[in-house]
Amino acid sequence: MKNKRYLTAILLTFPAVAGMSLPAEGADARLRMAADSTVTSGVAARGVRMQHAGEQLVVTFDLVLDSVDVPANQRYVYTPALRGGGEERLMDQVVVNGRKQQVMYERADHKRYPDATVAVRRESKEPQCVSYTATLPYEPWMENADLALYEDLCGCGDLLERARTVVGRRRAPKLAFIRPEARPKSYNLSGSAFLDFPVDRTELYPHYRNNPAELQKIINTINVVKEDPNASITGIEIHGYASPESPWDHNAMLAEGRAATLKDYVSRLMELDPDLFSVSTTPEDWEGLRRRVEESTLAHRNEILAIIDDARYEPDAREWKIKSTYPEEYRYMLREWYPALRHSDYTVAYTVRPFSVEEAKALLHTKPQQLSQEEMYQVAQTYAPGSREFNEVFEVAVRMFPNDTTANLNAACAALSEGNTEAAKRHLAKAGRSPYALNALGVIAMREGREDEARALFEEAAAAGLPEAKENLRLFENL
């Protein structure tokens with residue numbers, strides 16, 4: 001071991017313990033040297049780095065011995081320790097021996113110390129340092145941790161008797177999640193039924209042509225809600241449409257009568273209060289016809305579209321113009337498209353009851369569509385901030401509410417806590433410019449080395465009163 005001045009220690013693994021902090025993860029953490037990084041004996045820690053890499057935290061620094069005078073028969077023992085969030089992890093010791101103590105250590109005394117301990121002889125009055133590296137299993141509390149150095153100059157070995165000095169502080173910018181507003185959970189299920197009625201009649205025959213299958217579509221939709229113990233139907237809307245081949249007034253009568261007949265049938269069949277139903281109509285489905293013409297390859301497609309769009313024509317005149325000008329295309333439309341323009345659209349409106357946190361947790365991966373954002377947020381609070389389970393809740397929320405600003409902001413913060421800057425950027429593009437979003441953008445700017453931009457974003461968010469942004473501004477202050 002003589003004359004060996006640069007040594008590396010690799011820390012043995014320790015069991016993981018969950019933390020509860022909400023810092024942003026990764027290279028955006030700022031490392032500050034403590035003002036009192038020189039300890040009692042004169043040893044100094046320089047170039048301290050605490051870097052989160054995957055599932056590990058790598059701690060490196062140089063232990064500078066230039067000002068340390070170790071008597072020949074003396075031994076100084078230094079123990080690095082990571083401290084934060086009520087936790088402490090001791091790392092491998094560095095033993096600095098005087099000349100005679102080094103001889104004793106090499107013969108047998110090294111057995112008193114762990115196998116991975118770094119031991120070095122102090123070369124009297126010469127510049128000397130020990131390069132130190134330790135790797136710990138990453139735990140969330142380490143994002144805001146102090147690196148301390150215990151100093152044993154008496155050889156007693158009692159940690160409580162040793163002097164302790166903070167030599168580095170790791171501080172990550174804070175992320176600000178938004179608690180969503182608690183809102184009633186109102187939903188809709190919709191569909192279209194293409195029922196066949198006898199010509200110019202409004203009576204509904206359930207077994208006529210394809211009516212059994214079309215009626216079953218409505219029944220199945222209602223049963224989805226009716227059979228769910230957590231849901232309550234609040235209304236059913238039926239909107240009837242007729243096709244344009246007869247006079248407008250006649251079509252209006254058919255649409256209204258057929259929609260009312262369908263409402264009465266479904267109400268009786270499903271044993272539902274008639275007051276739950278509302279009926280509306282569109283006498284002629286010109287929008288549906290126009291869509292089919294536009295998507296078609298008809299020879300006079302553009303000319304027919306121009307007639308449909310010409311505001312000078314009343315519906316009956318418009319239909320006659322197409323029929324008389326382009327009879328071949330009209331016969332095709334009448335045969336192929338008009339039956340589908342006679343349809344009944346239906347919408348089932350319903351609400352879902354509120355859930356307890358435990359109920360919401362059980363539904364998160366089975367029926368997340370029944371949960372509100374606020375209920376999902378409550379579930380997230382049962383997990384350690386930054387943990388896989390915590391972040392997963394916000395990933396589910398943004399899948400259920402893909403265009404919601406709050407869902408995207410929280411998903412961006414979750415992505416940042418995992419070190420996924422690109423995903424965070426995608427979500428922030430839908431998160432608006434709230435103080436919360438500005439703070440998250442500041443974290444990204446800091447992570448990418450744009451410190452002036454990061455400071456400006458934190459200042460704007462702090463001016464709006466966001467506490468996390470105010471804390472993040474302190475990262476730019478010298479300790």
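**Helix H1.** I started with H1 (residues 99-107) and found Gln101, Gln102 and Tyr105 buried, where buried means under 20% relative accessible area, exposed over 50% and partly exposed in between (1.4 Å probe, protein chains only). Looking down the axis of H1, I see its buried residues fall within an arc of 105°, so they line one face of the helix; the arc is that of the directions from the helix axis to the C-beta atoms. Their cover includes strands S4 (75-84), S6 (94-97) and S7 (118-121). Helices (H or I, at least four residues) and strands (E, at least two) are DSSP runs, numbered from the N terminus.

**Ground rules.** I am working with a predicted model, in which local features need pLDDT of at least 70 and side-chain atom pairs count only at pLDDT 80 or more, while totals for chains, interfaces and linings use all residues. Residues are numbered from 1 along each chain as its sequence is written, and side-chain values use heavy atoms, with hydrogens and water left out.

**Ser278.** I looked up this serine next and found it in strand S13 (residues 277-282). Ser278 counts as partly exposed because its relative accessibility is 38%. Leaving out residues up to four places away in sequence, Ser278 touches Ile236, Glu237 and Ile238 (contact: heavy atoms within 4.5 Å).

**Largest pocket.** I noted a volume of about 370 Å³ for the largest pocket. Of its 19 lining residues, Asp196, Phe197, Val199, Arg258 and Arg342 lie nearest the centre. Helix H3 (residues 248-270) gives the largest share of this lining, four residues. My terms: on a 1 Å grid over the protein atoms alone, a cavity is a set of points where a 1.4 Å probe fits but cannot get out, and a pocket is an open set with protein on both sides within 12 Å along at least five of seven lines; lining residues have an atom within 4 Å of a point. Grid points are joined across faces, edges and corners, and a volume is the space filled by probe spheres set on the points.

**Cavities.** I count two cavities of 30 Å³ or more. The largest cavity holds about 80 Å³ of space, and its lining includes Phe197, Arg258 and Arg342. H3 supplies the largest share of that lining, three residues. For the second largest cavity I have a volume of about 40 Å³, with Pro180, Met376 and Phe394 among its lining residues. Helices H10 (373-380), H11 (388-400) and H12 (405-417) each supply at least two residues there.
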